[in-house]
Amino acid sequence: MDQQKFLEVIQVQRHDFLNHLQVISGFLQLNKPEQAGDYIKQVIADLKVISQTAWVEIPEVTAALLVGFNEAAKIQMEMLLKVDTKLSACALPNTEVGSALEMVLGHYFTSLSLSETNKRSFRLDFTESPGKYTISLGTQISYIADPLSLEKGLAAVQERLNKFGGACEQTISGSNLGIHLDFPKMKGR
């Protein structure tokens, strides 16, 4: 885990928290309780998305997700997160699962074209099936400025995961790009 990036997450969250309090205070001072209420509802909705990071029972994955949210926000990109598993019986060491996700997100962000001006987003889905867990990143191919660099980076993730029986693969379907991390479950789970 890049500790500097994680410290940045903490600093940004502190700044955002103070900013939210100032905005709410401003609406109340201007006697605009409806706007304050609407603003609070939006903040709650945003926090619900980020709170999904804590559902995963691997702290290194939670940290990688928080850094991912922060990195996405820096480039005005929305990270859509859906967590349907806690990864509680993952056979890989926690550090390897967290590192694999951190590496994939890092390679994804560095391969992006920042010239896109439309609202951009990508999905991260955590799913479970018999014998394995999967973390899938879904995005538009058009967002990728350097596909060779991304492919090379993902090959390094695959090489690392091979040692533990995991996998990293890239799929293309129409205009969609998928990056899938597979982690085996512990025997008998």
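**Group meeting talk: helices, cysteines and a loop**

Contact here means heavy atoms within 4.5 Å. Sorted by class, this contact of α1 with α3 has 6 nonpolar, 2 polar and 4 charged residues. For those classes, Ala, Val, Leu, Ile, Met, Phe, Trp, Tyr, Cys and Pro count as nonpolar, Asp, Glu, Lys and Arg as charged, and the others, Gly among them, as polar.

Before I go on, a word on what we're looking at. This is a predicted model, where local features need pLDDT of at least 70 and side-chain atom pairs count only at pLDDT 80 or more, while totals for chains, interfaces and linings use all residues. Residues are numbered from 1 along each chain as its sequence is written, and side-chain values use heavy atoms, with hydrogens and water left out.

Now the overall layout. The protein chain has 5 helices and 5 strands, and along the sequence they follow the pattern α-α-α-β-α-β-β-α-β-β. Helices (H or I, at least four residues) and strands (E, at least two) are DSSP runs, numbered from the N terminus. The C-alpha trace spans about 60 × 40 × 30 Å along its principal axes. Of the 189 residues, 37% are buried; that's under 20% relative accessible area, with exposed being over 50% and partly exposed in between (1.4 Å probe, protein chains only).

Back to our helices. How do α1 and α3 pack? Helix α1 (residues 3–29) and α3 pack at an angle of about 65 degrees, with their axes 9 Å apart. That makes α1 roughly perpendicular to α3. The axes are lines fitted to C-alpha atoms, for helices over the stretch in contact, and angles run from 0 to 180 degrees between N-to-C directions. Under 35 degrees counts as roughly parallel, over 145 as roughly antiparallel, 65 to 115 as roughly perpendicular and the rest as oblique.

Helix α3 (residues 59–74) has another partner, helix α4 (residues 94–111): their axes come within 7 Å and cross at roughly 15 degrees. So these two are roughly parallel to each other. On the α3 side, the residues that meet α4 include P59, V61, L65 and E71, and on the α4 side they include N94, L101 and F109. By class, this contact has 9 nonpolar, 4 polar and 3 charged residues.

At 15% relative accessibility, E71 counts as buried.

Next, the cysteines. A disulfide is a pair of cysteine sulfur atoms within 2.5 Å, and by that rule the count is 0. The cysteine sulfur nearest to C90 is that of C168, 14 Å away. C90 is buried, at 5% relative accessibility, and C168 is buried too, at 9%.

Last stop, a loop. Where does S142 sit? You'll find S142 between β3 (132–140) and α5 (147–162). At 48% relative accessibility, S142 counts as partly exposed. From C-alpha to C-alpha, S142 and N176 are 8.5 Å apart in space, though 34 residues apart in sequence. And for the chain as a whole, among contacts between residues at least 6 apart in sequence, 70% join residues at least 24 apart.
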